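Subject: Structure for your review

Dear colleague,

I am handing over the structure below, followed by notes on what was found in it. Please read the notes with the model open beside you.

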Amino acid sequence: RASRKIAGQRPDLQLSFEFFPPKTDAMEERFWDSIHKLAPLQPRFVSVTYGAGGSTRERTLRMVSSVKRDTGVDAAAHLTCVGATRDEVDAVVRGYAEAGINRIVALRGDPPEGVGQPFTPHPEGYQNAADLVAGIRRIGDFDISVAAYPEKHPQSADWQTDIDNLKRKLDAGASRAITQMFFSNADYLRYVERARAAGIDAPIVPGIQPIHSFKQISNFASRCGASIPDWLAERFAGLDEDPETHALVASAVAAEQVVELLDEGVTEFHIYTMNRSNLALALARILGRRPD
Ligand code: FAD
């Protein structure tokens with residue numbers, strides 16, 4: 001079994017960790033504590049999200065440049081085009097380049113009314129993520145990642161529309177897709193099959209969401225169209241007041257998910273850290289990666 005290989009026997013393993021820009025001093029302390037614990041795992045990159053509609057524009061840039069400068073780990077900045085003109089977005093891209101950031105996770109973003117509400121592009125803005133990728137490419141030589149949805153984006157009318165949209169983003173110049181969180185590996189594997197059948201050969205990296213808080217994650221999942229299987233809800237039922245058992249169950253669930261994917265031949269993983277290091281560290285170990 002692939003999951004029983006030991007460190008060093010899996011040179012093709014690639015990890016990336018996603019963070020969000022902290023809002024307060026206390027959150028910033030946790031951000032750095034986690035970065036310093038995860039950086040020695042030699043991730044391919046650490047990414048920092050871009051708050052809804054660009055609300056964290058300065059903070060994203062500041063955090064992503066400090067991560068690269070302070071740890072030497074490659075950093076990727078997320079970027080959305082919702083609610084902004086092309087010129088505004090292009091200025092952010094140039095700012096990333098000036099700060100030495102050459103990896104971008106390019107996204108459409110969601111309207112301010114909320115995730116799942118109809119999207120209308122800014123009249124002078126990029127139309128969607130594919131258009132944004134093409135715009136970034138015109139500015140410079142960036143490594144671009146885009147989003148993929150193993151359960152279909154809620155606004156894709158059908159699978160064909162969804163996969164065509166992914167293909168447009170990759171054809172426009174992205175080099176990999178990172179998936180939305182999912183809890184049924186069968187959904188991910190079927191999605192990869194659909195993409196391959198449509199001629200997509202770029203990596204489709206599973207986005208793994210360790211469940212730090214079942215309540216929080218299930219709320220977020222329902223807003224972004226990721227389903228919570230009954231068996232998963234059952235495992236966390238009644239654990240709101242029992243953080244210790246909750247944490248043990250969360251690490252077992254995430255471990256089971258990555259081990260199954262490893263055994264299916266998956267070698268690249270993107271971990272949504274929520275700026276915490278404990279479950280991400282455990283998962284990295286289970287995947288055979290220890291701090292260097
Ligand atoms: P697209 O690929 O452009 O499109 C998604 C869907 O919308 C498709 O079904 C497409 O057909 C449809 N669509 C596209 N354009 C139009 C249009 N003009 N009119 C109508 N329908 C259209 N959000 C943030 O705000 N900040 C982040 O940092 C962030 N990081 C993310 C990282 C990952 C790995 C993932 C998976 C998501 C992230 N998101 C982030 C969320 C993302 O912005 C939303 O999921 C958004 O709804 C879709 O973005 P997209 O890039 O997938 O859009």
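**Notes on the model**

Ser-277 is found in the loop between β8 (268-272) and α10 (278-286), where helices (H or I, at least four residues) and strands (E, at least two) are DSSP runs numbered from the N terminus. This is a predicted model, in which local features need pLDDT of at least 70 and side-chain atom pairs count only at pLDDT 80 or more, while totals for chains, interfaces and linings use all residues. Residues are numbered from 1 along each chain as its sequence is written, and side-chain values use heavy atoms, with hydrogens and water left out.

With a relative accessibility of 8%, Ser-277 counts as buried, a term that means under 20% relative accessible area, with exposed meaning over 50% and partly exposed in between (1.4 Å probe, protein chains only). Neighbours within four places in sequence aside, Ser-277 is in contact (heavy atoms within 4.5 Å) with Ser-34, Lys-37 and Leu-38.

The ligand is surrounded by 23 residues, the closest being Tyr-50, Asp-110, Tyr-149, Ser-156 and Lys-169, where a residue is counted if one of its heavy atoms lies within 4 Å of the molecule. By class, this shell has nine nonpolar, eleven polar and three charged residues; Ala, Val, Leu, Ile, Met, Phe, Trp, Tyr, Cys and Pro count as nonpolar, Asp, Glu, Lys and Arg as charged, and the others, Gly among them, as polar. Among the polar contacts (pairs of N or O atoms within 3.5 Å; within protein, one must be able to donate a hydrogen and the other to accept it, and residues adjacent in sequence count only if both atoms are side-chain atoms), a backbone N or O atom of Tyr-50 lies 2.7 Å from a nitrogen atom of the ligand. A polar side-chain atom of His-78 lies 3.0 Å from an oxygen atom of the ligand, and a polar side-chain atom of Lys-169 lies 2.7 Å from an oxygen atom of the ligand. Taken alone, the ligand exposes 980 Å², of which the protein buries 84%, with areas from the Shrake-Rupley method and a 1.4 Å probe.

Tyr-50 and His-78 are also among the residues in contact with Thr-60, when neighbours within four places in sequence are left aside. Thr-60 belongs to helix α2 (residues 57-71) and counts as buried at 0% relative accessibility, and a polar atom of its side chain lies 2.7 Å from the backbone oxygen of Thr-49.

Two backbone angles deserve a look. Gln-42, in the loop between α1 and β2 (45-48), has a positive phi of about 50° although it is not a glycine, and Lys-152, in the loop between β5 (143-148) and α5, has a positive phi near 80°.
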